[in-house]
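Please keep the sequence and the structure in view while reading.

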Amino acid sequence: MPLLTPDALRAVRSELSEGSSVHEVARLVRRHLPRLHGPDVVTAVHEVLADVVGLGPLRDAVALPGVTDVLVCGPGTVYVERNGEL
């Protein structure tokens, strides 16, 4: 379960600039989510980085065992091929 709410993720992303360091992401996470400490900050930073430079909301689907293809057919319409079946 993600630690960042969609609003918190948007807030952090809105303050990032091109080339922001991991330390800058951590500073923004701490500012927008002051209740997080230690390992939770690290997890939240990974969530931000996955959204910004990774697959974002598709990350979990791609990580499932047996996934060979992910088809995005528009907002809210995603098909996952797993073990050869959609």
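**Pocket, hairpin and surface**

Helices α1 (6–15), α3 (39–53) and α4 (59–63) each contribute at least two residues to the lining of the largest pocket. Helices (H or I, at least four residues) and strands (E, at least two) are DSSP runs numbered from the N terminus. The model is predicted, so local features need pLDDT of at least 70 and side-chain atom pairs pLDDT 80 or more, while totals for chains, interfaces and linings use all residues. Residues are numbered from 1 along each chain as its sequence is written, and side-chain values use heavy atoms, without hydrogens and water.

**The hairpin**

- Strand β1 (residues 67–72) and strand β2 (residues 78–82) run antiparallel and are joined by five bridges; strands pair if DSSP finds at least two bridges between them.
- Five residues lie between β1 and β2 in this hairpin, and Gly-74 in the turn has a positive phi of about 130°.
- Leu-71 belongs to β1 and stands opposite Tyr-79 in β2.

- The C-alpha atoms of Leu-3 and Tyr-79 are separated by 25 Å, and the two residues are 76 residues apart along the chain.
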